[in-house]
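Hi everyone, thanks for coming. Let's walk through one structure together, so please have a look at it before I start.

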Amino acid sequence: TERPLVLGIETSCDETGVGLVRGGTLIADALASSVDEHARYGGVVPEIAARAHLEAMVPTIERALDRAGLRHRDVDAVAVTAGPGLAGALLVGVAAAKAYALALGVPLHGVHHLAAHVAVDTLEHGPLPRPSVALLVSGGHSSLLLVPDLATEPVVPLGATVDDAAGEAYDKVARLLGMPFPGGPPIDAAARDGRADIAFPRAKAGDGTFDFSFSGLKTAVARWVEARHRSGEPVPVADVAASFQEAVADVLTAKAVAACRSQGVDTLVIGGGVAANSRLRALAALRCEAAGIQLRVPRPGLCTDNGAMVAALGSLRVEAGVAPSPWDLPATSTLPL
Ligand code: KG4
Ligand code: ZN
């Protein structure tokens, strides 16, 4: 008998994602993005995102099913991001998931967006050792988490940013360097031709906590660039990008390794949009190797928001026999872990 087919829906920010997972295997994934509509505002505009989800939702479900050669009636359970995220954006996904599950007569599982960013790794690297430590770095979050059992137990926060998220810092620094939104990919690309020789600050490094702070780094980059403008010298964009990127990767990986050590854990999984960053991936590989820690990072396309991650966590829950969510499941923009 075939294992249950779980359809996952993600709408917490600007990506409408639909994924299909059966027994830990990714069957198909479809994504629609409103990112271009937000670009000229320099950040995601919540109402634009919500309206875009409303328009893209059903076509994206159909596209995922088409790619898999499956039909609506093949779906055995529906999983959806219930939070955290933009309230209006989440409402569209949760309402759609309820209607779809109700119409099909299948159970609904509301899942936590950050736990889903961790769960997606299981699609590529198999079951996650228990416990593991997760470093989650996205546009909205930068957290270190202790992950006991993804399906049945809540993840335990070890630390988080006290101000900006890592991705937010990328987006702000990109803006002041005149690069498009979202800023991660263009900074990553520019840094390849640069030297990381500008000493930007590593806030909270070595302070014994698992917290981060990135707003001072962003300000330091802004001051450095302004000083260059004032002196009339050209801004070495590639060097600034490389130096900023090095500062972010340095604190993130140092604290992630320290968190593994403090918990006696030998597996680190990195997720979230910033996990797509080439320098973060390379430095994490170096430092984990040196520390005897097994590093797991999903391929870049699965690091940024998508439906597969939601289906992955839904699949783990369904297979573990976790009770479905109630039909009055709320969308919670500040959903705690
Ligand atoms: O996980 P995600 O897609 O959405 C949120 O849940 O926030 O993360 C988006 C963030 C953006 O800030 C974007 O600039 C950043 O991930 N990002 C990157 C890269 N690709 C995306 N940051 C650094 N390097 C990248 N290659
Ligand atoms: Zn995310």
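**Around the ligand**

Helix H6 (166-176) and H7 each give at least two residues to the shell around ligand 1. Helices here are DSSP runs of H or I with at least four residues, numbered from the N terminus. This is a predicted model, where local features need pLDDT of at least 70, side-chain atom pairs count only at pLDDT 80 or more, and totals for chains, interfaces and linings use all residues. Residues are numbered from 1 along each chain as its sequence is written, while chains are lettered from A and ligands numbered from 1 in the order in which they are written.

Which residues come nearest to ligand 1? Of the 19 around it, they are Gly139, Gly167, Gly184, Gly273 and Asn277; a residue is near if its C-beta atom, placed from the backbone, lies within 6 Å. By class, that shell has 6 nonpolar, 10 polar and 3 charged residues. Ala, Val, Leu, Ile, Met, Phe, Trp, Tyr, Cys and Pro count as nonpolar, Asp, Glu, Lys and Arg as charged, and the others, Gly among them, as polar.

Now to Glu47, which sits in helix H2 (residues 46-68). Is Glu47 buried or exposed? Glu47 counts as exposed because it has 10 C-beta neighbours inside 10 Å; the cut-offs are 12 or fewer for exposed, 20 or more for buried, and partly exposed in between, with C-beta atoms placed from the backbone. The C-alpha atoms of Glu47 and Ala89 are separated by 7.7 Å, although these residues are 42 apart along the chain.
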